[in-house]
Amino acid sequence: ALTTELRTQLQLREVAGIPLQASTVDNWSQIQNFEAKPDDLLICTYPKSGTTWIQEIVDMIEQNGDVEKCQRAVIQHRHPFIEWARPPQPSARNAKDCMVSYYHFQRMNQMLPDPGTWEEYFETFINGKVGWGSWYDHVKGWWEMKDRYQILFLFFEDIKRDPKQEIQKVMQFMGKSLHETVLDKIVQETSFEKMKENPMTNRSTVPKSILDQSISPFIRKGTVGDWKNHFTVVQSERFDEIYRQKMEGTSINFCMEL
Ligand code: A3P
C-alpha cells in the first residue's frame, strides 16, 4: 500500500491548467526547455492512444525486425518518457475509446487518481481534468501543427485496420527501407496478442502496488469501438454534442468503429 505522503506527492498538479504528475511539475522548466536534435524521433501521444504499440513498432523498425534486440529492455526504458526523465510524444485515438481505456487505466494505476464511477469519470474527462490534460486540446494542437513541422500524424484506428500500411509509413518517415518479409514480421510481432504476452511490452514487471493488473490488464482489449460497451445512448449523444463544440473548426475526422 502507498503511504499518504507518497500519495500526496503523486497527486496531479497543474501547469497552465494541465494536470500533471508532481515530479513532472517539479522539473517543468527543464522539460519545457528540451531541444530536439535533428535526428531525434519523438513519439507524441495522448494517454491510452496506443503509445506502447507505436513504441514497439518504432523499435522493431529501428532494429530491422530483430526480435531479440527488442527484448533487450522493457519498453519504458527503450523509449523513456520525456516528462519523467528527471527531464510528451502524435498518435491519436478516437475520444470515446480513449476515455474508456483511460478509465480502466486509472482504475488499475495506483499512481493516478481513482477515476470514481464511470458517470463521474465522464465529467472529469470531458473537462480535461485528467493527467496530461484535455484530449481535445492535445488532438487539435497537434493536428494544427502537423504541416508546419516534420510530423507524422497517425491514427490508432488506421494501424488497427491496416497495420502493414501504417508501419510502412513509419518506416519511410524514419528514413528506413526494410524488406517485405521484415515488415510482415513486424506486423506479427506488434500484434495485440503478441504484445499482451511479451513481458517487455506488457508492463508485467511493474509491481502490483503501482499497476494492479488484476483490476485491469495494461494491454487490455486493443479494439476500436469498445466505447459501445460503456456509453449509454444518452451519454453518447451528450458526448457527441460536447465533442462538436470542442472540435469546432478542425478538419480532423476519427473512425469510431471498424
Ligand atoms: P485498451 O485499454 O482499449 O485495450 P497506451 O500504450 O497509450 O497506454 O495505450 C493503451 C491502449 O493501447 C490499450 O487500449 C491497449 O490495449 C492498446 N494496445 C496496446 N498494444 C496494442 C496492440 N499491439 N494492438 C492493439 N492495441 C494495443
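Analyst: A residue counts as buried if 20 or more other C-beta atoms, placed from the backbone, lie within 10 Å of its own, as exposed if 12 or fewer do, and as partly exposed in between. This is a predicted model, in which local features need pLDDT of at least 70 and side-chain atom pairs count only at pLDDT 80 or more, while totals for chains, interfaces and linings use all residues. Residues are numbered from 1 along each chain as its sequence is written.

User: How should I apply that to N64, and where does N64 lie?

Analyst: N64 is partly exposed, because 13 other C-beta atoms are within 10 Å. N64 sits in the loop between α4 (51–62) and α5 (67–70), where helices are DSSP runs of H or I with at least four residues, numbered from the N terminus. The phi of N64 is near 55°, a positive value in a residue other than glycine.

User: What can I read from helix α7, in its span and its burial?

Analyst: The expected span is 1.5 Å times one less than the number of residues. The 14 residues of α7 (residues 95–108) should therefore span 20 Å, and the end C-alpha atoms of α7 are 20 Å apart, which agrees. As for burial, 13 of the 14 residues of α7 are buried, so this helix is largely enclosed by the rest of the structure.

User: At what angle do α11 and α12 cross, and which residues make the contact?

Analyst: The axes are lines fitted to C-alpha atoms over the stretch in contact, with angles from 0 to 180 degrees between N-to-C directions. Those of α11 (residues 163–173) and α12 (residues 180–189) come within 10 Å and cross at roughly 115°. That makes α11 roughly perpendicular to α12 (under 35 degrees is roughly parallel, over 145 roughly antiparallel, 65 to 115 roughly perpendicular, and the rest oblique). On the α11 side the contact involves P163, K164, I167 and Q168, and on the α12 side L183, I186 and V187, a contact being two C-beta atoms, placed from the backbone, within 7 Å.

User: How do α4 and α11 cross, and which residues meet there?

Analyst: The axes of α4 and α11 come within 10 Å and cross at roughly 60°, and these helices are therefore oblique to each other. I57, V58 and I61 of α4 meet I167, V170 and M171 of α11. An α-helix has 3.6 residues a turn, so residues three or four places apart point the same way.

User: Which residues does I252 contact, leaving aside its neighbours within four places in sequence?

Analyst: With those neighbours set aside, I252 is in contact with V139 and W143. I252 and V139 are 113 residues apart in sequence, yet 8.6 Å apart in space, C-alpha to C-alpha. I252 belongs to the segment after α14 (233–246), and I252 is partly exposed because 14 other C-beta atoms lie within 10 Å.

User: Where does Q213 lie, and which residues does Q213 contact beyond four places in sequence?

Analyst: Q213 is in the loop between α13 (192–197) and α14, and beyond four places in sequence Q213 is in contact with M108 and F218. Q213 and N109 are 104 residues apart in sequence and 8.5 Å apart in space, C-alpha to C-alpha. Having 15 C-beta neighbours inside 10 Å, Q213 counts as partly exposed.

Notes:
Helix = DSSP H or I, 4+ residues; strand = E, 2+ residues; numbered from the N terminus.
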